[in-house]
Amino acid sequence: WKERISRALGSNDFNVLPQDLSNCNELNEFRNVWSRMKSNQLLWERIRPRLSADKKYAYVVKYHDDSKTESKSDLELPYDLVDSSEKIDIWAFGMLLYSLSTRSSLFHQTHDGNLQNAEVFAKLHDWSKEDARAIILTTVKDALTQDLLLQLLVPEADRLSSMRAILSHPFFGPSSTAAAQKIIQESTESEDLFPQLNEDFKGPVPKPRHTNLFSTETFCRIVFDRLGEIKVPTCFIVLPYELRWDSRSQLLEPQDHKSLALAEKIGLHLLDIHTTTAKLSFWLRVKENLTEQNGKEFKSKIINWIQRARQEESTKIAKEIVSSIKCDQAYEEICVEMLDEEMSISHARAFIRDPMKAAVGLLGESADALLELYPSSQLLYLVDELQGCPSLPVDYTDLTSAVSRDSFYPL
């Protein structure tokens with residue numbers, strides 16, 4: 001009966017059939033096992049091979065090897081069995097956490113929980129850290145959850161090795177700890193600058209929730225952490241005066257009082273431009289709150305804040321305003337200026353009427369004043385992206401001759 005069944009199933013040897021079948025010693029036993037396997041279509045749907053559209057590749061779910069005695073060489077399968085390991089359970093835990101966090105699955109599935117088609121199998125087969133980062137940062141909102149998932153839903157070599165390591169992650173502790181706050185701060189900075197930014201700056205960048213007044217060093221660190229290794233200089237500055245190498249500071253600096261005074265004026269105008277863009281973001285958020293369903297309630301709040309500012313400390317009220325419109329605490333200074341100064345001085349009235357028109361007017365004034373400081377000839381300097389300072393090429397930094405260093409610039 002074994003030979004007849006083998007021929008019927010297109011096999012030359014009964015022993016190469018699935019183990020549950022080849023272990024049967026009696027026909028009735030084989031019949032019962034066969035009936036059970038035949039009726040279990042859900043299992044077959046889960047493990048059957050999927051062919052790619054071009055029929056060049058087939059994808060199949062691998063079995064785990066839990067056997068301690070049987071030699072793998074005795075199993076005639078088109079793939080090696082996968083050794084059971086804790087990292088496989090960690091991947092499953094990551095999938096569960098992702099589903100709980102997003103109310104969706106990481107990979108497209110059918111109604112019964114199977115991967116949808118060969119394309120999804122191919123996506124899982126080629127899964128990388130970059131794929132995980134692109135999807136998790138886009139679909140998961142909580143910073144601590146993001147950080148944990150980026151250590152779970154990655155290729156096995158990069159995955160956390162044990163549940164003990166997982167439970168020690170800040171996700172499972174108070175968000176007030178130093179480790180948790182560091183993760184949250186880095187995530188917030190990143191979202192403020194480039195939410196859902198992909199690796200090569202391609203594609204639309206969604207509107208940020210709010211803009212932060214970052215230092216140059218913070219800005220550069222966030223950008224270049226996202227981009228990875230930089231192949232070419234991406235920063236430069238055009239100045240109306242010449243910089244020279246200062247051996248004490250080890251930097252290129254203005255070398256006379258006239259240039260230094262000019263640099264200060266340029267810096268002040270650039271700061272005005274930066275502050276105006278921050279005010280624009282703030283007042284757009286205020287206007288957004290005024291036009292929402294509870295806009296009348298928010299308008300009453302504004303009137304109350306202004307009235308209270310005549311008697312109470314403006315910094316306290318500024319904190320309430322920033323918290324109410326869900327802006328970063330860096331905007332408190334703008335609120336204080338609005339509450340302490342006349343509307344005409346802080347331009348609050350103009351921004352309330354038309355934020356964009358008010359910002360364009362102030363930016364135009366600052367830009368015109370800035371351009372007046374530039375004569376007909378300007379000098380171009382490359383900038384160290386991480387430090388935000390004009391720099392020399394690597395080959396020039398160790399030169400002892402000031403003449404050789406100075407001869408590189410201006411371009």
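## Strand pairing and the three-stranded sheet

Two strands count as paired if DSSP finds at least two bridges between them. In this predicted model, strands β5, β8 and β9 form an open sheet in the order β5-β8-β9, and the pairing is antiparallel. The edges are β5, residues 236-239, and β9, residues 389-390, each of which pairs on one side only.

Strand β8 covers residues 379-384 and runs antiparallel to β9, to which two bridges join it. Within this part of the sheet, V383 stands opposite P390 of β9.

W245 has L252 in β7 as its bridge partner.

Together β6 and β7 make a hairpin, with four residues between the two strands. In the turn, Q250 has a positive phi of about 60°.

## Helix α14 and its neighbours

Helix α14 spans residues 314-324, and its buried residues are S314, I317, A318, I321 and V322. Viewed down the axis of α14, these buried residues fall within an arc of 140°, so they line one face of the helix.

What do the buried residues of α14 pack against? Their partners are three helices: α12 (257-291), α13 (295-308) and α15 (332-340). Just after α14, K326 takes a positive phi of about 60°.

## Where α12 meets α13

Two of those partners, α12 and α13, also contact each other. Their axes come within 6 Å and cross at roughly 130°.

On the α12 side, the contact involves V286, N289 and L290; on the α13 side, the residues are G295, F298, K299 and I302. Sorted by class, the contact of α12 with α13 has four nonpolar, two polar and one charged residues.

## R103 in a loop

R103 lies in the loop between α5 (86-102) and α6 (118-125). Although R103 is not a glycine, its phi is positive, at about 60°.

Is R103 buried or exposed? Its relative accessibility is 82%. The cut-off for exposed is over 50%, so R103 counts as exposed.

Conventions:
Residues are numbered from 1 along each chain as its sequence is written. This is a predicted model: local features need pLDDT of at least 70, side-chain atom pairs count only at pLDDT 80 or more; totals for chains, interfaces and linings use all residues. Side-chain values use heavy atoms; hydrogens and water are left out. Buried means under 20% relative accessible area, exposed over 50%, partly exposed in between (1.4 Å probe, protein chains only). The arc is that of the directions from the helix axis to the C-beta atoms. Contact means heavy atoms within 4.5 Å. Axes are lines fitted to C-alpha atoms, for helices over the stretch in contact, and angles run from 0 to 180 degrees between N-to-C directions. Ala, Val, Leu, Ile, Met, Phe, Trp, Tyr, Cys and Pro count as nonpolar, Asp, Glu, Lys and Arg as charged, and the others, Gly among them, as polar.
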